[in-house]
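Subject: Handover of a protein structure

Dear colleague,

Please find the structure below, which I am passing to you for your review. My findings come after it.

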Amino acid sequence: MSNLRRLTQYFCRLCILWNLSQTSQGESHTNLDSFYFTYQLPDYPRHCKEILNECSSSSSSGVYLIKPDGYLEPFEVFCNNDVNSGGWTVLQRRMDGSISFNRNWEEYKGGFGFLSTEFWLGNEKLSYISNQAVYELRIDLMLSNGSSFYIEYNAFRITDEWGGFSISSVGQDSGNESSLTTFCPPNTVAKNSICKPVHDTEIFTDCYHAYQSGHTEDGIYSIRPSEWTGEPFKAPCNMSIDGGGWTVLQRRVNGSVSFEHNWNEYKNGFGILEHELWLGNDKIYHLTKQKNYELRMDVVNSNKDDYFAKYNLFRISDENSKYQLQLGVYDPASTTGFDAMNQHRNQFFSTPDRDNDQISYTCGSNHRSGWWYGHKDGNNDCSDCHFTTPNIGTCSYPYPWWKNLPGSNCLMYTDIKIRPV
């Protein structure tokens, strides 16, 4: 969870106390009693709906801290604010099988997985959450043909471990049988109880073009750069971070997608658009030749601290010029604290089967992946920054890293994206 989000939660609660104290001044003893009760608010919200109600700046989906009544310590949960008015505390998610759910009792009790992808929150946490109020339950499903549906119940609760974490209540569905589920046909998805189309019908030159056209939701969009001669291709668009409109070029989350690929595979792209991916060097070339693009690189290290670096220009050449990297000025507002990409300026792209690194040995083979490897000050150093090596999150060589991070250099999450300047 980001420090910014923690600060947001903290200041939201301060604002609530301040507003209530102003209301109570000069009021009757009854109002003062009400203020005293408000002062006893817990240090953390108890669930995602409470976060959403307390602060409008916490309206985006993401990871937040909560502390249910009676639970000893706060813990992180994923809050989904994109469906049915938001405020949903996510208990479980499966996407691509990257996390094994073949677990024992203690693992299901404590929870497992990654909140950003696949996880089980944990039966003990779920027991504390569900026994402090009456909760709705919503289950969202997607079939292999792309059809999606959901079902909702109005009173979900489970017992504690002594009761075997059994379901003590589910309640009734919110309507008759015909409204029990909402079925969405292929190429649509259920959002806010309405089947909305996946962004296949409109074609954009990049994600910023989609954002300017009124599409402000993160998702997969159809892209065709101005000089791209092939069919439109799909690309992930981040519409929520730093003003939105970012075209995602690369993402690593948990190592479920191998980045040990050859030249042609890095050229064409690989991975899962909704998860881990390399968009493809040919696509990146055609995207960045349209205009000047800025670059943002987000990372999370093994201490679970998040950082970002920004550059005011990013462009690569075509395949004949070995996808040479052109990189602008490092933004001093970046939180990485070090321009680890400096070494890679003007370097050619290399892969295990295509050595373009001007180093005495083959960096692509040594690191088992593709990148803009290059020497620094005459030294045979392959990289100060590297997002495609194996062993992400393990800190076992070779692993993705960013040199001189304020915390651990070992990375558990990486994300590269561009936006027109």
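The paragraphs below set out what was found, from the whole chain down to single residues.

This is a predicted model, in which local features need pLDDT of at least 70 and side-chain atom pairs count only at pLDDT 80 or more, while totals for chains, interfaces and linings use all residues. Residues are numbered from 1 along each chain as its sequence is written, and side-chain values use heavy atoms, with hydrogens and water left out.

The protein chain has 10 helices and 24 strands; helices (H or I, at least four residues) and strands (E, at least two) are DSSP runs, numbered from the N terminus. Of its 421 residues, 46% count as buried, a term that stands for under 20% relative accessible area, with exposed being over 50% and partly exposed in between (1.4 Å probe, protein chains only). The chain exposes about 20600 Å², 50% of which is supplied by carbon and sulfur atoms; such areas come from the Shrake-Rupley method with a 1.4 Å probe, and for residues only the protein chains shown count as cover. Among contacts (heavy atoms within 4.5 Å) between residues at least 6 apart in sequence, 50% join residues at least 24 apart.

Strand β14 (residues 233–238) is largely enclosed by the rest of the structure, because 5 of its 6 residues are buried. Strands pair if DSSP finds at least two bridges between them. Strand β13 (residues 219–223) runs antiparallel to β14 and is joined to it by 5 bridges; here S222 has K234 as its bridge partner. Strand β15 (residues 246–252) is also antiparallel to β14, with 2 bridges joining them, and W246 in β15 stands opposite N238.

The structure holds 22 aromatic pairs: rings of Phe, Tyr and Trp (its six-membered ring) pair if their centres lie within 6.5 Å, and planes under 30 degrees apart count as stacked, over 60 as edge-to-face and the rest as tilted. One of these pairs, Y266 and F349, is tilted, at 5.5 Å centre to centre and 55 degrees between the planes. The pair links distant parts of the chain, 83 residues apart: Y266 is in helix α8 (residues 263–268), and F349 is in the loop between β21 (325–327) and α10 (363–367). Y266 and F349 are both buried. Ring pairs also link these two residues into a cluster whose members include W263, F270, W371 and W402.

Yours sincerely
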